[in-house]
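Please take a moment to look over the sequence and the model shown here.

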Amino acid sequence: MHNFSLPKSKAFEALTRTAQERILILDGAMGTQIQTLGLDEEAFRGHGGHTCAYHSDHPQKGNNDLLILTQPEAVEQIHYDFAMAGADIVETNTFSSTTIAQADYALEDAVHDLNAEGARVARRAMDRATAEDGKPRWVAGAVGPTNRTASISPDVNDPGYRAVTFDELRIAYGQQIRGLIAGGSDLILIETIFDTLNAKAAIFACFEAFLEHGERLPIMISGTITDASGRTLSGQTPTAFWHSVRHARPFTVGLNCALGADAMRPHLTELAGVAESLVCAYPNAGLPNAFGQYDEEPEDTAAKVEIFAKEGLVNVVGGCCGTTPEHIRAIAEHVAPYAPRQIRETANV
Ligand SMILES: [Zn+2]
């Protein structure tokens, strides 16, 4: 059976309908909220509360995804705060929950649980929020780029060398995506893509997982452009990036992270001009300061994101690094008066 002959999931239909009516709101940065908790090594390991069933001798401080298992109440509260600030879609705290990324912490064995529980924790928070205000909400299973690139050599003296292969990525992403689906994710969000070949492996893994699951979930695909030439790390313009991923028939294509909303705008304009899917944008809260912190005020970020909406570029907006529930609340208020971008008519989506 072919991936595209699978029925679409219920959430897919509901999201498509809602996106025709208004601009959808995505959440903000999980990492920024986790930092404010000031957790130490013990807290990351969960001593005294929930403990991780998987053993590792490596330090775990900084392994934010592990908090799904060791501090689930804290993670759930952050999701809930974003939902109540106006997020229709929240991302699971699973950006690094692949065997490839968790190898840094020797917690490869925990990958399935991280993803399945990551989706469940987010679902619980969404259900609590919906019980209060009746608004439907969706869980996006977050799939990060991993810390290795399939199309670029990390060794300047050996340009042919690759730290990871397509198949290694496909297998690692497949494990992650199966976990995210098992935990009840409504969408799969492949984000912060700096190497398009990595993203292609994640897309392929989605197709394989959907076939097993028996239905097709919406896929969101988000690249990141970090330099002034307007290209991804693997060298693509926004137009080339769209053509590399359009075979996935994504629910959204877009940009996140990088240099903040101002610097993102010309690249988003280009992408919105070619994309035959919905368009999503979630920039950082401006540029980091000398200490690596983001201090753009919610109203400032929101005013910049409002321009995306005013120019008819977007269907989904939210925030990346440095954005808090206050940023998301301000963004939601600022874009509310604007109609969503019109999707270009296409036969194959
Ligand atoms: Zn970011």
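A residue is called buried if 20 or more other C-beta atoms lie within 10 Å of its own, exposed if 12 or fewer do, and partly exposed in between, with the C-beta atoms placed from the backbone. The model is a predicted one, in which local features need pLDDT of at least 70 and side-chain atom pairs count only at pLDDT 80 or more, while totals for chains, interfaces and linings use all residues. Residues are numbered from 1 along each chain, as its sequence is written.

With these terms in hand, we can begin with G28, which is buried because 33 other C-beta atoms lie within 10 Å. Helices (H or I, at least four residues) and strands (E, at least two) are DSSP runs that are numbered from the N terminus, and G28 is found in the loop between β1 (24–25) and α2 (30–36). Although G28 and G319 are 291 residues apart along the chain, their C-alpha atoms are separated by 4.4 Å. Two residues are in contact if their C-beta atoms, placed from the backbone, lie within 7 Å; leaving out residues up to four places away in sequence, G28 touches F82, G318, G319, T323, T324, P325, H327 and I328.

D57 counts as exposed, because it has 6 C-beta neighbours inside 10 Å. From D57 to D155, a step of 98 residues in sequence, the C-alpha atoms are 29 Å apart in space.

Most residues other than glycine have a negative phi. The phi of A106, however, is positive, near 50 degrees, and that of A258 is positive too, at about 60 degrees. A106 sits in the loop between α6 (99–102) and α7, where it counts as partly exposed because it has 14 C-beta neighbours inside 10 Å. A258 lies in the loop between β6 (252–257) and α11 (261–274), and with 22 C-beta neighbours inside 10 Å it counts as buried.

We now turn to the helices and how they pack. Axes are lines fitted to C-alpha atoms, for helices over the stretch in contact, and angles run from 0 to 180 degrees between N-to-C directions.

Beyond residues up to four places away in sequence, I177 touches G141, V143, I188, A205, C206 and A209.

Another pair is formed by helix α9 (residues 196–213) and helix α10 (residues 238–245), whose axes are 10 Å apart at an angle of about 25 degrees. Angles under 35 degrees count as roughly parallel, over 145 as roughly antiparallel, 65 to 115 as roughly perpendicular and the rest as oblique, and α9 and α10 are therefore roughly parallel to each other. Here T196, A199, K200 and I203 in α9 meet F241, S244 and V245 in α10.

For α11 and helix α12 (residues 298–310), the angle is about 10 degrees and the axes are 10 Å apart, so these two helices are also roughly parallel to each other. The residues that meet are A261, D262, R265 and L268 of α11 and T301, K304, V305, I307 and F308 of α12.

Finally, we come to the interior. A nonpolar core is a set of buried Ala, Val, Leu, Ile, Met, Phe, Trp, Tyr and Cys residues joined through C-beta atoms within 7 Å. The largest such core has 107 residues, and those with the most contacts inside it are I188, I190, I219, V279, A281, V314 and V317. Helix α7 (residues 111–133) gives the largest share of this core, nine residues. Setting aside neighbours within four places in sequence, V317 is in contact with I23, I25, L26, A281, Y282, V305, F308, A309, I331 and V335.
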